Amino acid sequence: MYILKQREIAFDDSWDVIVVGGGPSGCTAAAASAREGAKTLLVEASGCLGGMGTSGLVPAWCPFSDMKRIIYGGLAEKVFNAVKTGMPHVPTEKVDWVPIDPELLKRVYDDMIINAGATVLFHTSLCAVDKESDDIVSAIILSNKEGLTAYKAKVYVDCTGDADLSYWAGAPFIKGDGKSGELQPATHCFILSNVDDYGFIYGPKTHQKDTSSPIHAIQASGRYPLIPDKHACSSLIGPGTVGFNTGHIWNVDNTDPVSVSKALIHGRKMAASFRDGLAEFHPKAYGNAFLVATGSLMGVRETRRIIGDYVLTIDDYFARKSFSDEICRNSYYIDIHGNKNESVKANEQKYETDSIYEKYKAGESHGIPYRCLTPKGLMNVLVAGRSISTDRIMQGSTRVMPTCLAMGEAAGMAAAHSLKSDRVDVHAVDTSLLRKRLREEGAYLP
C-alpha cells in the first residue's frame, strides 16, 4: 500500500453535466445533454470518439431495424445515415448489417458533439471518484498531460463501458456471470486492404455458417494454431478494404490492465495469422491482402453491469415487454459468445451459441426502461452503454452499438432534465416529459 502525500490539484467546477466515455452511448449522451441546454463536457481516454466503431474497428452496425422499420431513431439514426451516405457502395435502402467506415464515423461523431455545443477532452482518463455523501458524487479526478485535475458537475453520465465511475462511487454491480467470474470472449478486430473486390463479393463468405467459408479449411489444416475457432465475420468497408470481426480471445477482463495488455499482443498476432490463412485458402480475394490495421481497443463484450432501479431480464425479452418509462426499443437477438468449451462444440458443428434463444419475428421488439440507467444508491449518476442494469443473458442483446446510441441520448437528456429540480436526483426525472422530448427528437417509442 502506498499513501499519496496530501496536495492541492487544479479544480474545474464549471460544468452542469460531465459524460465519461466517448463511445456510442457517450457521444449521444453528450450531444443530447448539450442540446437540452446543459453545459456539457465529454471525457474520452483515446484520441477519437466512437469506441468500438472507430478505435475498435468493428466493421458493421448490428441491425437498425426490427425487419419492418428503423427502431433506433433520434441521434442514433442520424449517425447511422450520415455514415451510410458517405459510403457509396452501400445501398441506400440497406438498414441491417451495414458496413462502417471508421474514419468517416470519427468525423460524424466530432461534428455531432461540436454542433450540439458540447466540449470534448481527448486523451483524458478517469482515475478516481470523490463523494460528498454516500449517494452524491462531488467530483471526479481526471488525468492527462496537465496531470491530475478535479472536475465537478451537477450530474455525471457513466459511459465507460465497464461502469468505472459507478463502481468507484460504490454503486452495486455484477460482473460477468456473477459466480465464477466468467466473461464472454473478446475479439480483436482488424482491417485487410488490397483485397480483390470481385473475389470478396462473388467468392465464398468468411462467416462460419457458410459451408464453403475458408475458415473451415484454415482450421482443418492445423497450420494456424493462433486461430482458435471458426468465429468469422467480415464486411467490405471500402474499395479493396475488408473489416473483420473474427476470432475469440478467452479470459480477457477489461477491468484488469494486465489481462487486456496480453490480449492486445495476442490479438495482433492472431490478425496476422488470419491474413496468412485467408491468403492461402481464399487466394482469389486475399492472395495479395495486406494487414493494414488492428483495433487500438480490444473488442470487449462484457464486464460489470450496474444494479439499477430495474433489472431487465431474459423474461422481459421473451415477453416483448413494454414499460411506462421506456426510453428506447431493442430488437437485437440474444448474442452471447460462449466459453472455450462451447466454441469447441461449435467447431464440431454441434452447437450454435446464437440459436439457443428465440429470435424475434418481423416487427417485434422490447422496451428498455429508464430505470435500467439509474444505479441504486447514487443520486447524480446515470449509466448508458453495455453496463446498464440487466441480467447477463439480456446483456447479450442490449450491449450493441445501435442500442447504446439510443440509450445514450436518453441518458444525456435525462441528465439535463434533472438539473431543473432544486435537488438533483436522476431517479426522480419526469419520464413522461423525457419520453415526449425523445419523441420530438425522432426516437421510436410506440
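**Panel A. Isoleucine 334 is buried in a loop of the predicted model.** Isoleucine 334 has a relative accessibility of 2% and therefore counts as buried (under 20% relative accessible area; exposed is over 50% and partly exposed is in between, with a 1.4 Å probe and protein chains only). The loop that holds isoleucine 334 runs between strand 15 and helix 10 (340–347); helices (H or I, at least four residues) and strands (E, at least two) are DSSP runs, numbered from the N terminus. Alanine 128 lies 206 residues away along the chain, and its C-alpha atom is separated by 34 Å from that of isoleucine 334. Because the model is predicted, local features need pLDDT of at least 70 and side-chain atom pairs count only at pLDDT 80 or more, whereas totals for chains, interfaces and linings use all residues. Residues are numbered from 1 along each chain as its sequence is written, and side-chain values use heavy atoms, with hydrogens and water left out.

**Panel B. Tryptophan 61 belongs to the largest nonpolar core.** A nonpolar core is a set of buried Ala, Val, Leu, Ile, Met, Phe, Trp, Tyr and Cys residues joined through side-chain atoms within 4.5 Å. The largest such core has 84 residues, and Trp61, Tyr109, Val157 and Ile327 have the most contacts inside it. Helix 12 gives the most to this core, with 10 residues. Beyond its neighbours within four places in sequence, tryptophan 61 is in contact (heavy atoms within 4.5 Å) with residues including Val79, Phe80, Trp97, Tyr109, Met401 and Leu405. A second, separate core has 27 residues, among them Phe200, Val242, Ile249 and Val260.

**Panel C. Helix 2 (residues 75–85) has its buried residues on the same side.** The buried residues are Leu75, Ala76, Val79, Phe80, Val83 and Lys84. They cover an arc (of the directions from the helix axis to the C-beta atoms) of only 170°, which puts them on the same side of helix 2. An α-helix has 3.6 residues a turn, so residues three or four places apart point the same way. The cover over the buried residues of helix 2 includes helix 1 (24–35), helix 3 (102–116) and helix 12 (401–418).

**Panel D. Tryptophan 97 has a positive phi in the loop between helix 2 and helix 3.** Most residues other than glycine have a negative phi. The phi of tryptophan 97 is near 55°, and this residue is partly exposed, with a relative accessible area of 42%. Asparagine 194, in the loop between strand 10 (190–193) and helix 5 (197–202), also has a positive phi, near 60°.

**Panel E. Buried residues of helix 13 (residues 431–440) pack against other elements.** Thr431, Leu434, Arg435, Arg437 and Leu438 are the buried residues of this helix. Their arc around the axis is only 165°, which puts them on the same side of helix 13. Helix 1, strand 15 (326–330) and helix 12 are the elements against which they pack.

**Panel F. A network of salt bridges includes arginine 35 and glutamate 409.** A salt bridge is a side-chain nitrogen of Lys or Arg within 4 Å of a carboxyl oxygen of Asp or Glu, and the structure holds 22 of them. Arginine 35 and glutamate 409 are paired at 2.8 Å, N to O. This pair links helix 1, which holds arginine 35, to helix 12, which holds glutamate 409, across 374 residues. Arginine 35 is partly exposed at 28% relative accessibility, whereas glutamate 409 is buried at 2%. Arginine 437, buried with a relative accessible area of 17%, forms a salt bridge with glutamate 441 (2.9 Å, N to O). Shared partners join Arg35, Glu36, Glu409, Lys436, Arg437, Glu440 and Glu441 into one network.

Panel G. Arginine 304 is buried at 8% relative accessibility. Tryptophan 168 also lies in helix 4 (residues 164–168) and is partly exposed at 37% relative accessibility.

**Panel H. Histidine 282 is buried between helix 7 (257–281) and helix 8 (283–286).** Apart from neighbours within four places in sequence, histidine 282 is in contact with Gly199, Gly203, Pro204, Pro214 and Gly287.
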